[in-house]
Amino acid sequence: MTEPILDIRGISKSFGALRASNNINIDLRAGEIHALIGPNGAGKSTLIKQIAGGLRPDTGSVHFDGQDITALSTAARARLGMGRTFQISSLAMEYTVLQNAVLGALGHRGDVFRFFRPVMKDAGLLATARASLEQVGLEEFHDARVSELSHGQRRQLEVAVALTLSPKVFLMDEPMAGLGAEGSHRLMGFLDQLRHKAPILLVEHDMDAVFTLADRISVLVYGGIIATGPVEDIRGNPIVQSAYLGEETAA
Amino acid sequence: EGVKVGMITTLSGGGAGLGVDVRDGFMLAVAQSGRDDIEVVIEDDQRKPDVAVQLADKMIQSEKVDVLTGIIWSNLAMAVVPGAVAQGVFYLSPNAGPSPLAGAGCHENYFNVAWQNDNLHEAAGAYANTAGYSNIFILAPNYPAGTDALNGFKRMYEGELSGETYTKLGQTDYAAEIAQIRASGADSVFFFLPGGMGISFLKQYADSGVDLPIIGPAFSFDQGILQAVGAAALGVKNTSQWSKDLDNEANVAFVESFQAEYGRLPSLYASQGFDTANLMISAVEAADVNDKDAFRAALEAADFASTRGDFAFSTNHHPVQDYYVREVIQEGDVFTNKIVGTALTDHADAYVSECAM
Amino acid sequence: MSLILFIEQALNGLQYGVMLFLMAAGLTLVFGVMGLINLAHGSLYMIGAFAAAAVAGATGSFLLALVASLVCAAFAGVLVEFFVIRRLYDRDHLDQVLATFALILIFSEGTRWIFGSFPLFLDKPDWLSGTVMLPFGIEYSLYRLWIILVGLLVAAGLFWMIGRTRIGIRIRAGENDREMIAALGVNISLLYTFVFALGAALAGLAGALIGAIQSVQVGMGEPVLILAFVVIVIGGIGSIKGALVGAILVGLTDTLGRSFLPSFFGLFLEPSSAMSIGASLSSMSIYLLMIGVLLFRPKGLFGGI
Amino acid sequence: MRKEFFLNAALLGVLLAFPLWAWSVDEPYLITLATRAIVFAIAGIGLNFALGFGGLVSLGHAAFFGLGGYVMGVLAFHAQTYTPVMGWPLVINGTKSMPTIWLIAIALSALLAVGIGALSLRTSGVYFIMITLAFAQMLYYFTISWPTYGGEDGLSIYVRNGFPGLNTMDPIQFFAICYAILLIVLAFVFAASRSPFGLALGASRQNEERIQAVGQVPFRLYLTAFAISGAITGLAGALFADLNRFISPTMFSWQTSGEIMIFVILGGVGRVFGPVAGAVLFILLEHTLGGLSEFWHIYLGAILLGVVLFARGGLYGMVAGREVAHD
Amino acid sequence: MSLLKLSNISAFYGASQALFDVHLSLEDGQVLAMMGRNGMGKSTTIKVICRLLKHRGGTTMFGGRDIKRLPAHKVARLGIGLVPEGRRCFTNLTVHENLIVAAQPGEWDFSAIATLFPRLEERKDQLSHSLSGGEQQMLAIGRALMTNPRLLILDEATEGLAPVVRNEIWDAIARLKTQTGMAILVIDKSIKELARVADTAVILEKGRSVWHGAFTELTPDITDRYLGV
Ligand SMILES: Nc1ncnc2c1ncn2[C@@H]1O[C@H](COP(=O)(O)OP(=O)(O)OP(=O)(O)O)[C@@H](O)[C@H]1O
Ligand SMILES: Nc1ncnc2c1ncn2[C@@H]1O[C@H](COP(=O)(O)OP(=O)(O)OP(=O)(O)O)[C@@H](O)[C@H]1O
Ligand SMILES: [Mg+2]
Ligand SMILES: [Mg+2]
C-alpha cells in the first residue's frame, strides 16, 4: 500500500468537559474515498476543522504529503492542496457564481496582490472556473448571484470552488445535504470519478451514498473511532447498527 | 461710500449662544446708526476652522467685503485672520484675542475690540492680590487658551500657588479636581472653564462642601450662562471689562435698547458686538473705506462712545481699558453681576512690545 | 498624596463610572441587544435633560422633572423608532449611522429652536443637596451617592430583564434573526419599539440626573455618546454586566489618571511640563484603556460570540 | 452598469465645468468650493477603499486625514522658519514643495495605517469601529495639547506650497492640481476594484472562512487595504491643509471621521465614484442651506434622512440601481 | 374545508419571478409531501405561507382565513410552526432559551421535547452556535413543536441527521399525525421515507405545481420525470 497522503495521528480536542476528539487516528490514501460516519455531535465536523486548520488540536498531529502541518494556518493548508467544503454553505454571497469560482482559482494561483489587471478578464482563471462549474452542473448559472441560489445550488457551488483549487485531497463535510435525489445521484457519480484525481475524506449521513462510494469507512462515536474497515465490515458491525444506522437501514 | 461687512460667527451647535449675542449686539448698533449704506453679510462657521476659512474666502473673493468680523473662538481666528488681513480687508475682532495676533503676528488691518486673551485673567490675578489671597489653586483646560489663562493670572498674582491643574477640554465631571482642591489646603480658587465646563464646575463645587472663595474671568458668569448656573454662582467674584451696571451714557442706552429689542439682558458678548459695530461706524463716518490708510487711521482713533467708558487702542491695535471686578447677585428671579471694584486701570497687554507695528 | 485622598478619588472614579453606566445603559440595550447603531442616543439624553429642566422650571418639582425626562425621551424614542429606525433594521449598519447622524442634526437644532441657544437651569432638589460624612472623614456629596444607587438599580433591573425574562430572550433572538423570530409568532416590531423606547427613556433619565450637576445645553449629548460607546465596547457589546464593569473601569481610569498622573510625572519632570504631559496623557487614558482591553479581548471583557 | 458609467462621466464633467465657469465669471470662491468638494471626495475614496471594498468600518480615518495635514503643516512651518524638523539622528529640513509633501504624507499615512491596522484588525465589527476611533481620538488630544505646532489653535501657513510650473495661489490652478489627483486616485481605485486584489478583498469582507479555504489570509488583505486607504486619505489631508493654508487638531476629531464616512454612505458604499457624489452633495447642501436660516441643520438632517430612507445604497444606489457591479 | 389552501400563487424575488402558479391544499391531520428538484420553489412556497415573502397574485387561506394581509407573526400565531431550511437556530441563545423563546402552552413542552431528543436536554445550557449540525436540526424541530402548532412545516428537517435519528423523526411525525391530528407539510428528498407518512404530495417544477394527488398515486414514471429518480 502507498504512503497515506493525509495522516492524522492521535488527535484529541476538548471543549471544557466535553471530549470532542479522543485520540483519533485516521488516514487517507491515494485514490480512495474514506467515509467518516457517526451520530450527530460525535465530533466529525470538529475533526474536519482540525484537519483543515480552523481549530487547533489539544494534542496529536496532522501530516499531509509527508509534512507535519499541525502548526499551519487554514490558508497555508489550502495552498498546500487541501480542498474543503463546509457543512453549512460558506460562500461570498454577493458575488456571482462565476466570481466565486474565479476566486478559488485565484486563491490557488496565489497572486492576489495585484492591483491593475482586471481579474474577470483573466483567461487562465476563467478557464479553470468554468471547467469546475461545468463539472458540478452549474454552467447555466454563471451570472447568478449566490444569494439568489437555492440551497442545493449553493452546495454544488461549494464543491465547484473546491475543485478550482485542484487539491491533492478533499475534505467534504456533508456535501449531499440539501441536494435532491437527483442532485445526490449526480454528485455521487461525480465523486466517484473525483477520487482518482484526489482522495476524499467524506463526512456524510446519506447512507446510500456512503455505502456506494466508500472504499473504507470509519465510525466515530463520542469523539473516538470505534471501527475502521471496508463497507461490508462496517455495515455488519452490530455496534454501528445500533448506535448509528438503526434497525431498518441495516436490514 | 458705504461699507460691506462680512460676519463669520457661530450660529449653530453648542457654542451658538455667543455668536448670536455678538451678532445681535452688532446689528443693534448698525440699526441705531440709521445708516443704510452698511451692508452686513452673516454666515455660520459651525465652530469649524476649515469652514471659517472657506467662508472668509467667500466673503473676500465673492462678496468683496471691506471689513470682516464676528469670530468667537481663538482657533478660528487664528485660521482666518492672518489670511484675511493679508488680502487687504480689515478684521475687527469682537471676541477672540489670541496672543500671536497681539505680538509678533500683529497686523495693521487687524483690530481687537474686545481684549487680548490674557487680559481678564491678569485682572483676576491682580484682584487676588487685593483680596489678600496668598495660597490659591488654579485650573484651566489643557489647550492654548487654558495655558494662556493660567500664565496671564500668574503674571499679576503675587502669592503662592497651592496647586495648578489642567483639565480635559470638554470635561464635565470635576469631582476629582474638587477633591484635589479640598486636599490642597488652598485659601481660594481661580478657574477658567468656558461654556458648559464652567457651569458643571460651579454646580459641582457648590455641592461639594468646599467653600473657598472663587474667582474667574467673566466668561463663566456671563448673562447667558448665569441663569443655568443658578444660586451656585452667587457671591462669586469675576473680572470683566464690561458690566451691565457700568454707569456711562452709552452703556445705559445700550442695555435699555438691547432689552427692548431682543427681550433679554445683554451679555458681555453682546456689548462687544455692539462696540465693534460702533467703532466701525465711527470710522465709516470719518473716512472712506476704500482709502485704506484713512480708514485705518479712523479706526485707530477709536472715536466712538464705548459701552465700557474709556476705550483706546495701543500700538498693537488691542484695547487699553479698565478691568472691573464684579460679583454675582440676584435681582428678583434673575442672576446678574454688580461691579464691586476695579482690578486694573488703563491696562494694555503683555505683547505690545513684540508687535513691530 | 495621602491615602484618604486616594480613597476619595477612587470613590469619585466609582461614582463617575456609575454615571457613565447610566448614560451607557440605554445604549447597550439598543445597540447590544437590537444590534442598532444609534448615534442619536446622545440626543435622547439631551431631550431628557431639557424636558427635566423645563418641567423643573415650571413646577419646581424634581421628581416631576425626572418623570418628564423619562416620558419625553421615551416618546421621542417611539417616534424615532416608528418613523425611521423601523425601516433600517434589515439595512446595513452604515445606513443606521447616516440616519441617526441626521437625527442628531434635527434634534440638536430643533432643541435650540425651541429653547434658545443658552444653557438651561436644572438643579438637584434640596432634599438631595449637601454632603454626608463617610468613614475616614471623607465628605461626600449626597446627590452623587444617590446617583450611584440609581445606577446600580438600573443595572440590576436591566440585568434581570435581559437575562431572566422571556422578553429578554425574545429580544436577543430577534437580534440574531428577526425574520425567524417573527415566523415563530413573536411580534418583534412591537417588541423593538418597546426596547427602543426603554433605551430612550434610560438615556433621558440619565440626561436629567446628570444634567442636574452638569450643564444642560445643546450639544451636551455628543461627548457622552462617545464615552458611552467606549464603555460598552470595553465591557462587551450586549452585556449589561459588561457595561457596568466597563463603566466603572473607565470612571476609575479617568479619575485616577486625572488626579495622579500629573504628580506622577512631577517626580521626574519639571512641574509645568509634568502638568501638561500628565494632563494630555490622562485625556487619552480611557482610549488607551480601550485599546489595551481590545487587544487582549477583541470582543470586550464580557463580549459573547 | 451603463447608467453608472453615465453618472460617473456626468459627475466628473460637472466637477470640471463648474469651476471653469466660476473662473470665467471671476468667482474664485466657487472654485475653492469645488476644490474643497474634490479634496473631501479623495478622503472619502480613501475610506471607501477600506470600508466599501473591505468592510472595514473605520471611524478613525481622521487620523490619516490629520496626519496628512500635519505633514504639510510641519514641513511648511519649518521651511518658513528655516528651522530643521529634526536635528538628530539625521537632519530633516522643511519643504514647501507639494509633490514632496504629498509623497511624505502618503508614506507616513500608510505607515500609520499599518500600525493602527495591525492592532485594530484583531477586532471586528463595532469593536473595530471603536478601536479605530480610539486611535484617532488619542492623536486628537495629543495635538490639542502639543504646543509646538499651535495646540488647539492650529498653525497657519500663509502661502500655499509650490508646485513646479504652477502658481498654486491661483484658485483655478490649485483646483487643476486637485482635480488631476482625483482622476489618478479614481483610476487607481477603479482598477484595484476589478483586480485580483479587489476580488479577494471583497470576498474576504463577505466571508472570511471562504477566503481562507481558498488559501488566502484575510488579515493580509485587510491590512493592505487599510494601508492604501489610509494613504489616500492622508494625501487628501495634505491637500486640505494646502487648500486652507491652515491646520488644526479639528482635522483629527471624530467629527471629521464621521463626516468622511457620511460622504461615503451618502454617495454609495462600495461604489468607486460614490464618495465623489457624496462629497459634492454634502458641500452643495452645506453651501446652499447655510444661508436659509439659523436652524439650517434641521433641513440638512431632513434631507440626509430622506436619502437614507428612500434611496437604498446612497445616491448611486438610487440612480444606478441597487446592486453593486463587480465586473 | 382545507386547513391550508394556496391557489394560483405567484411570487417574486425583486424582479425575478420564483413562483408562477402554485396550488396546494392540506387537511387537518394530514401529511403533505412537497417535492421537486433543487431550486424549483419549494422553500419559496413555504416562505409565502409563513408570510416571510409577500406574494403578488393568488390567495392563501389558513384555517378558513385569508392570510394575505396578516404580518408573519400573526400567521404563526394562528398555528403554524416552521422548521426552516438551514435550521436558523438563534445562535446567541442557549438550547433551553431557543426552545422557550416562542413557546405556547400545550402538549409540547420542554419535557416532551427532552423525551423526543434527549441530546437537547444534555446540551440544555450550551449556546446553540456550538452545537453540531444535527443537534441544531433537532433544536429547530423542537423549537417549532414548542409553539404547539396546528400545522407543522418541515423544510428538509432531516438534513444532516444520523440515520437512527432520522428514523426517530419519521416515527415522531407518524405519531404526531395519528395521535395529535397535527397537519404536517414536509419537504424531503427521500421518497422512501416520505412514503411512510405522507398522505398526499405536490410536485413543483420551475415555480409551478405540476402534479398533485395521493402519495400512493406517485408512479415511478412521475418521479422520474420530475425528480430524476
Ligand atoms: N466551540 C464549542 N464549544 C463547546 N462545544 C462544542 C463546540 N464545538 C462543538 N461542540 C460540541 O462538540 C460536539 C461535536 O460537534 P461536531 O460538530 O464535531 O459534531 P458532528 O459529528 O459534526 O455532528 P453532526 O453530524 O450533527 O454535524 C457536539 O456535541 C457539539 O455540541
Ligand atoms: N433570496 C432570493 N433572491 C432571489 N432569488 C431567490 C432567492 N431565494 C431563492 N431564489 C430563487 O428562487 C428559486 C426557488 O428557490 P427555492 O429556495 O424556493 O428552491 P427549493 O425548491 O427550496 O430548492 P432546494 O431544494 O435547493 O432548497 C431558485 O431558482 C432560486 O434561485
Ligand atoms: Mg457536523
Ligand atoms: Mg429549499
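Helices (H or I, at least four residues) and strands (E, at least two) are DSSP runs, numbered from the N terminus. The model is predicted, with local features needing pLDDT of at least 70 and side-chain atom pairs counting only at pLDDT 80 or more, while totals for chains, interfaces and linings use all residues. Residues are numbered from 1 along each chain as its sequence is written, chains are lettered from A in the order in which they are written, and side-chain values use heavy atoms, without hydrogens and water.

**View 1. A nonpolar surface patch on chain C.** C:Phe264, C:Leu267, C:Phe268, C:Leu269 and C:Ile277 make a patch of about 500 Å²; patches are made of residues with over 30% relative accessible area and no salt bridge, nonpolar side chains (Val, Leu, Ile, Met, Phe, Trp, Tyr) being joined within 5 Å and like charges within 9 Å. C:Ile277 belongs to helix 11 (residues 271-296) of chain C.

**View 2. The open sheet of chain A.** Six strands follow the order 6-7-8-3-9-10 with mixed pairing, where two strands pair if DSSP finds at least two bridges between them. Strand 6 (82-85) and strand 10 (224-229) of chain A are the edge strands, each pairing on one side only.

**View 3. Strands 9 and 10 of chain A.** Strand 9 (residues 216-221) and strand 10 of chain A pair in the antiparallel sense over five bridges, and A:Val219 stands opposite A:Ala227 in strand 10 of chain A.

**View 4. Chains D and E.** These two chains do not touch, their nearest C-alpha atoms being 11 Å apart; contact means heavy atoms within 4.5 Å.

Notes: Areas by Shrake-Rupley, 256 points an atom, 1.4 Å probe, with all protein chains shown as cover. Salt bridge = Lys/Arg side-chain N within 4 Å of Asp/Glu carboxyl O.
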